[in-house]
Amino acid sequence: MTQSSRHVAMALYGDPSYDSRVQREAASLVDAGYRVTLACLEVSHPEALAISDRVEILAHRPAASAVVPGTRSPFHPDDPGTHRSGPRGRISWLRGYAANLRAWGAWARSTVRPDVWHAHDLTPLAALGTGVRRSARLVYDSHELYLESGTAMRLPRPARWLLARWEGRLIGRCAAVVTVNDGVAAELRRRYGVVPTVVLNCPPFREVPRPGIMRDALGLGDGAVLLYHGALSPGRGLERTIDALRQLPPDVRLVILGDGSLRDALEDRGRALGILDRLRFHASVAPAELLDWVVDADLAIVLIEGTELNFTLSTPNKLFEAMTAGVPVVASDLPMIAAIVDAERIGAVVHGTGPDDLAAAVRLLVADPEARAAMGERARAAARRTYNWEAQAERLRAVYDRLWSEGSAGI
């Protein structure tokens, strides 16, 4: 069998428009000579896809119920716009989610018949289930500790136990497991006895010229700019950052770049504090142009809160994106994040949890442009050396080389 005839189908129960990991992995496998199909839920922003002319993209939105990813979950009653629901409502929501997931999995299995299914996270792995033909191999790409995040973390204990058993059974069916950092890999190994391959979600390295896009696009002027980019959802330190902004010099601006359920609440918070004029909101931008926005920041905010184990062990994309753009970071004191920031000396780790600690750390860096410049150069050097997609893609390709070197195993 020639390498170009080897067919990999990526399964994503979601939207790949702004999912940089999915797009990078698909492109890297195409570059390595594989034929790649992406089976997903929907593509809401095709203009944001950098792979559409190289990867076959198939989308299907099931109609077994009204519940799909992004539907407000009754297990998150404190999220803006979510109504509290009793046991009956929560059970109904779960049944609806499961019905659509099963329907989507049946569509994917009947529509694509690849040599390898590459499941991006637990939901598509569960959707594919044990119904995948035995000659096809499974790769589980664990983007996070799924059972320690979101709705899964908030399920009743018996349901979580069953879900963990199911994850373990599915992992046992997989020919390879890939994940996002050493912390998550260690936890998956402890729970299921697997040895995952770590593929960090770093952007490709490139020299990002200054000035970028953001300052002119948002009319930011010459003052210091703090940047948060990513999902506007709980657990990202957004409220704390807005509270800290009030304690900073009046020419400091905060840009919030992204979409999510907290958008209106964050604007209301800025208005109530009398600093709305110092906030700039902008929707998510395509991954291909993101670094040209990030490069205009003076400091990048990476304040993930350790409210769940998945957050505690995270290495968010925004950390690596700031490094590539040469922007120092102000980061949470969480083990995986702090280890990189401290080892590479690329910013400040904030040890407290309140706005006062954050404001103090930011104030010191804002007042010291030479220190910021040195941190930015070290960040860029680390990205060029280690934290880049070119290096990570080699790890992914090694996984696939191994799959085929093991006697094809029915492929």
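Begin with helix H15 (residues 369-385), where arginine 380 and glutamate 377 both sit, 3 residues apart, about one turn of the helix. This is a predicted model. The two side chains form a salt bridge, with the closest N and O atoms 3.0 Å apart. Arginine 380 counts as buried at 7% relative accessibility, whereas glutamate 377 is partly exposed at 48%.

Next, select Glu148, Arg160, Glu187, Arg190 and Arg191, which salt bridges with shared partners join into one network. The structure holds 20 salt bridges.

Move to arginine 269, whose salt bridge with aspartate 243 brings N and O atoms to 2.9 Å. Arginine 269 belongs to helix H9 (residues 263-272) and aspartate 243 to helix H8 (residues 238-245), so the pair ties together parts 26 residues apart in sequence. Stay in helix H9 for arginine 263 and glutamate 267, 4 residues apart, which meet in a salt bridge at 2.5 Å, N to O.

From aspartate 243, go to alanine 359, 8.7 Å away C-alpha to C-alpha and 116 residues apart in sequence. Alanine 359 lies in helix H14 (residues 355-366) and is buried at 0% relative accessibility. Beyond neighbours within four places in sequence, alanine 359 contacts Ala244, Gln247 and Leu248.

Finally, show the open sheet: 7 parallel strands in the order E3-E2-E1-E4-E5-E6-E7. Strands E3 (56-59) and E7 (197-198) stand at the edges with a single partner strand each, so one side of each has no neighbour in the sheet. Helix H16 (residues 389-405) packs on this sheet, touching strands E1, E4, E5, E6 and E7, and its direction makes about 145° with that of E4.

Conventions:
Residues numbered from 1 in each chain as written. Predicted model: local features only at pLDDT ≥ 70, side-chain atom pairs only at ≥ 80, totals over all residues. Heavy atoms only, no water. Pairing = 2+ DSSP bridges. Helix = DSSP H or I, 4+ residues; strand = E, 2+ residues; numbered from the N terminus. Contact = heavy atoms within 4.5 Å. Axes fitted to C-alpha atoms, helices over the stretch in contact; angles between N-to-C directions. Buried < 20%, exposed > 50% of the residue type's maximum accessible area, 1.4 Å probe, protein only. Salt bridge = Lys/Arg side-chain N within 4 Å of Asp/Glu carboxyl O.
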